[in-house]
Amino acid sequence: MTEKIKAIVLKSTDKKEKDKNILLFSIEEGKFWATLKGVKSPNAKMKQAQIPFTFGEFILEDGKAGKIVTSFEAIESFREFSENVDKYFAGMGILEVLNVLDFSSASERAKMLVLCLRALKTMCFKKANPIYSLDKFFIELFAETGSALSTEKCSVCGSKSFDKIYINYLTGELVCTACKDFNCEELSKTTFGALRLLNSIDFDRFESLKLAADSEIALLRILVKNFEARFDAKIKLIGILS
Ligand SMILES: [Zn+2]
């Protein structure tokens, strides 16, 4: 059977002397491995298809040992990721999240792919700290999966006057002093400020966004802990939180 799908390359590994296996994420099929034949030679037509971040149209055929890519056309190659190490590590964080999560329906995968491409494009093409986009990616991911972080009121009692703000890692919610328990950690004023700003500003306005120094990293630490508790998954953000 031949099929044509749009997909993003999450990772690639060596296979035999000249071939590569690539892990793809698509709306139609979710995550799956496919083989690129003869792609390691310098003139290989499909060599772009072995590079993580590449988004394109793949034509696939069922072979004896799984799917084989027979044709590929790039839609977005995201070359900037190979030229800037900060962008690269931030972008890899997004691919890592796609790698650990499973989505049950095509509509969930469609939302996820759109969010992923928006965050990657902002990292690549806008003059803004790439960690802002990674933070925003987690915030939007929580919203898309049905549990947005509300920054305007305590998620338990509804009080809007926070003297101190805590995040409950178990529920992923923000709570006030009266409602905190041992699963909660206090958010500093600057971290909360960064979260509020990123909650209210869309990717296309990031070039004018300026968060307090290092608040984007402090926030990322909290968002990652939150993600791991919500989805019962571990992620490594190499080069950023290591
Ligand atoms: Zn409360």
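**Entry 1: a bridge to start with**

Which residue is the bridge partner of Tyr-166 in E7? I looked it up, and the partner is Val-175. A note to myself before going on: I am working with a predicted model.

**Entry 2: the sheet around that bridge**

Next I checked the strands themselves. Strand E6 covers residues 165-168, and three bridges tie it to E7, with the two strands running antiparallel. I then followed the whole sheet and found three strands in the order E7-E6-E8. This sheet is open, and its pairing is antiparallel. At its edges I found strand E7 (173-175) and strand E8 (184-187), each of which pairs on one side only. I also looked up how the strands are turned: on average, neighbours in this sheet sit at 35° to each other, direction ignored. As a reminder from class, strands of a sheet pair through backbone hydrogen bonds, either parallel or antiparallel.

**Entry 3: a barrel**

Then I moved on to another set of strands. Here five strands make a closed barrel, and I traced them in the order E1-E2-E3-E5-E4. The pairing in the barrel is mixed. From one strand to the next, the twist averages 50°.

How is Ala-34 placed here, and what is its bridge partner in E5? The partner turned out to be Lys-67.

**Entry 4: the neighbours of Val-69**

I stayed with Val-69 for a while. Setting aside residues within four places in sequence, I listed its contacts as Ala-34, Thr-35, Leu-36, Met-46, Ala-49, Phe-58 and Leu-60. Val-69 came up again when I looked at the largest nonpolar core, which has 57 residues. Val-69 is among those with the most contacts inside that core, together with Leu-24, Ile-94 and Leu-120.

Last, I looked at how the protein is divided: domain 1 takes in 2-77 and domain 2 takes in 80-231. Taken over C-alpha atoms, their centres are separated by 30 Å. Where the domains meet, I found nine residues of domain 1 in contact with 13 residues of domain 2. On the side of domain 1 that touches domain 2, I sorted the residues into seven nonpolar, one polar and one charged.

Conventions. Residues numbered from 1 in each chain as written. Predicted model: local features only at pLDDT ≥ 70, side-chain atom pairs only at ≥ 80, totals over all residues. Pairing = 2+ DSSP bridges. Helix = DSSP H or I, 4+ residues; strand = E, 2+ residues; numbered from the N terminus. Axes fitted to C-alpha atoms, helices over the stretch in contact; angles between N-to-C directions. Core = buried A, V, L, I, M, F, W, Y, C linked by C-beta atoms within 7 Å. Buried ≥ 20, exposed ≤ 12 C-beta atoms within 10 Å, placed from the backbone. Contact = placed C-beta atoms within 7 Å. Domains from an automatic or database assignment. Nonpolar A, V, L, I, M, F, W, Y, C, P; charged D, E, K, R; others polar.
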